[in-house]
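The stops below are given in the order in which to select them.

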Amino acid sequence: MSAENSVYEQTYQKYLNDLAGIDIPQACQTLGLEYEDGKAVINFVGRTFTVSPQGVENAKGLQPELGICVGLIRYLLMCPPFPPKDGGWTTFRDIKGAGPLTVYWANDVEQALSEVFAGRPQDLTTASEKLNAVPPDQDYSYDVQFQVQALSRMPMLVLFNDGDDDFPPKSTVLFRESAGTYLDPECLAILGVAVVQSLIRA
């Protein structure tokens, strides 16, 4: 087991213990999630997982990647007393506490998206449709623009301009201003990477 996985495993076990101490049905109600058979049912970037103090499972009953496990449990643990106002769109770097992770976000989320879909804007549009993306609330004058529901209460806005002779391709991925209420910056970064990977797979 790598050092990173070891840390995630320790965090995962700690969070499972913490989960046993919260009112999961109430958290589900606040977050707009289903609660079935003692488990929270969470749709995460188009995939369905169940979360309980016994663990996190995917639709096949298997444990997903540890990073996803940690992020989903954290989503329940950080549940606010009531849903805050969404606010406008904001960049990852403007979320409180995100500073140490801004380079990671730029490279593994926005730059990764630009590199994969450079010269292929229609493929990005097709991939977004497979994730049930919807048009944004206004026109942002980008070649490709869509809103994807990463988690309940947590939409993300993806903007992409293809490159030309003068400018390289550019991607921007935004959160609602309320995002930091639901997840810490590390988990938001996991969410961003998951969205990019889902688009690539699609």
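Helices (H or I, at least four residues) and strands (E, at least two) are DSSP runs, numbered from the N terminus. The model is a predicted one: local features need pLDDT of at least 70, side-chain atom pairs count only at pLDDT 80 or more, and totals for chains, interfaces and linings use all residues. Residue numbers start from 1 along each chain as its sequence is written, and side-chain values use heavy atoms, without hydrogens or water.

**Stop 1: R153**

Select R153, in the loop between strand 6 and strand 7. Strand 6 covers residues 144-151, and strand 7 covers 154-161. Is R153 buried, partly exposed or exposed? R153 is partly exposed, at 33% relative accessible area; buried means under 20%, exposed over 50%, and partly exposed in between, with a 1.4 Å probe and protein chains only.

Now show what surrounds this residue. With neighbours within four places in sequence left aside, R153 is in contact with Q29, T30, L31, G32, Y75, P83 and Y182, where contact means heavy atoms within 4.5 Å. From T30, the backbone oxygen lies 3.0 Å from a polar atom of the R153 side chain.

**Stop 2: T90 and T91**

Move to T90, which is in strand 5, and then to T91, in the loop between strand 5 (89-90) and helix 4. T90 is buried, with a relative accessible area of 13%. T91 also counts as buried, at 18% relative accessibility.

Which residues touch T90, apart from its neighbours within four places in sequence? They are I95, L174, F175, R176 and E177. For T91, display the side chain of D94 as well: a polar contact of 2.9 Å joins the two side chains. A polar contact is a pair of N or O atoms within 3.5 Å; within protein, one must be able to donate a hydrogen and the other to accept it, and residues adjacent in sequence count only if both atoms are side-chain atoms.

**Stop 3: helix 5**

Select residues 121-130, which form helix 5. Colour L124, A127 and S128, which are buried. These residues are on the same side of helix 5 because they cover an arc of only 100 degrees around the axis; the arc is that of the directions from the helix axis to the C-beta atoms. On the other side of helix 5, Q122, E129 and K130 are exposed.

What covers the buried residues of helix 5? The cover includes helix 4 (102-117), strand 6, strand 7 and helix 7 (185-201). Just after helix 5, look at the backbone of N132, where phi is positive, at about 60 degrees.

**Stop 4: the second largest pocket**

N132 is also one of the residues that line the second largest pocket. To show the lining, select N43, V45, G46, K130, L131, N132, A133, V134, Q147, V148 and Q149. On a 1 Å grid over the protein atoms alone, a pocket is an open set of points where a 1.4 Å probe fits, with protein on both sides within 12 Å along at least five of seven lines; lining residues have an atom within 4 Å of a point.

The volume of this pocket is about 150 Å³. Grid points are joined across faces, edges and corners, and a volume is the space filled by probe spheres set on the points. Which element gives the most to the lining? Strand 6 does, with 3 residues. By residue class, the lining has 5 nonpolar, 5 polar and 1 charged; Ala, Val, Leu, Ile, Met, Phe, Trp, Tyr, Cys and Pro count as nonpolar, Asp, Glu, Lys and Arg as charged, and the others, Gly among them, as polar.

**Stop 5**

V45 is buried, with a relative accessible area of 4%, and its phi is near 50 degrees, a positive value in a residue other than glycine.

Then select V195 in helix 7. V195 is buried at 2% relative accessible area.

**Stop 5: D37**

Finish at D37, in the loop between strand 1 (34-36) and strand 2 (39-44). D37 counts as exposed, at 77% relative accessibility. Its phi is near 50 degrees, again a positive value in a residue other than glycine.
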